[in-house]
Amino acid sequence: MRRALVFRGRSLTALLDRTIAALHHRLDAEAEATLHRGMHFPVGWDPYFRDVMTIADVYHFGTQHFAHHRQQLTLDRDQP
């Protein structure tokens, strides 16, 4: 039987910090021309997908997706 892997507290925070740091490192290393390269995305999969997205758009997608779910979970809809 397989068990679920659950992250809580410090281990969750540490994993999130490492993931964000790795993404920042990769983004900082991207050439400007690379960030403008684009490809087709399936627009039906996510409301933030566009028919053609650049690599910069893909990096930005994660923050859009997070903000969307954060808004869903916020009791006070006027809070940013």
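How much space lies in the largest pocket?

1. Some ground rules. This is a predicted model, in which local features need pLDDT of at least 70 and side-chain atom pairs count only at pLDDT 80 or more, while totals for chains, interfaces and linings use all residues. Residues are numbered from 1 along each chain as its sequence is written, and side-chain values use heavy atoms, with hydrogens and water left out.

2. The largest pocket. About 310 Å³ of space lies in it. A pocket here is an open set of points on a 1 Å grid over the protein atoms alone, where a 1.4 Å probe fits, with protein on both sides within 12 Å along at least five of seven lines; lining residues have an atom within 4 Å of a point. Grid points are joined across faces, edges and corners, and the volume is the space filled by probe spheres set on the points.

3. Its lining. Among the residues that line the largest pocket are Leu-16, Ile-20, His-24, Tyr-59 and Phe-66. Helix 1 and helix 3 each supply at least two lining residues, and helix 1 gives the most, with 6 residues. Helices (H or I, at least four residues) and strands (E, at least two) are DSSP runs, numbered from the N terminus.

4. Ile-20 is found in helix 1 and is partly exposed, with a relative accessible area of 39%. Buried means under 20% relative accessible area, exposed over 50%, and partly exposed in between (1.4 Å probe, protein chains only). From Ile-20 to Asp-51 is 26 Å in space, C-alpha to C-alpha, and 31 residues in sequence. Ala-22 has its place in helix 1 too, and counts as partly exposed at 40% relative accessibility. Ala-22 and Asp-46 are 24 Å apart in space, C-alpha to C-alpha, and 24 residues apart in sequence.

5. The aromatic pairs. The structure holds 2 of them. The rings of Phe-41 and Phe-49 have centres 5.1 Å apart and planes at 70°, so this pair is edge-to-face. The rings of Phe-49 and Phe-61 also have centres 5.1 Å apart, but their planes are at 50°, so that pair is tilted. Rings of Phe, Tyr and Trp (its six-membered ring) pair if their centres lie within 6.5 Å; planes under 30 degrees apart count as stacked, over 60 as edge-to-face and the rest as tilted.

6. What the rings connect. Phe-49 lies in the loop between strand 1 (38-40) and strand 2 (52-54) and Phe-61 in helix 3 (residues 55-73), so their pair ties together parts that are 12 residues apart in sequence. Ring pairs link Phe-41, Phe-49 and Phe-61 into a cluster. Phe-41 and Phe-49 are buried, and Phe-61 is buried as well.

7. The salt bridge. A search of the whole structure finds 1, where a salt bridge is a side-chain nitrogen of Lys or Arg within 4 Å of a carboxyl oxygen of Asp or Glu. Arg-50 forms it with Asp-57, and the closest N and O atoms are 2.6 Å apart. Arg-50 counts as partly exposed at 41% relative accessibility, whereas Asp-57 counts as buried at 18%.

8. Before helix 1. Leu-5 lies in the segment before helix 1 (9-29) and is exposed, with a relative accessible area of 69%.
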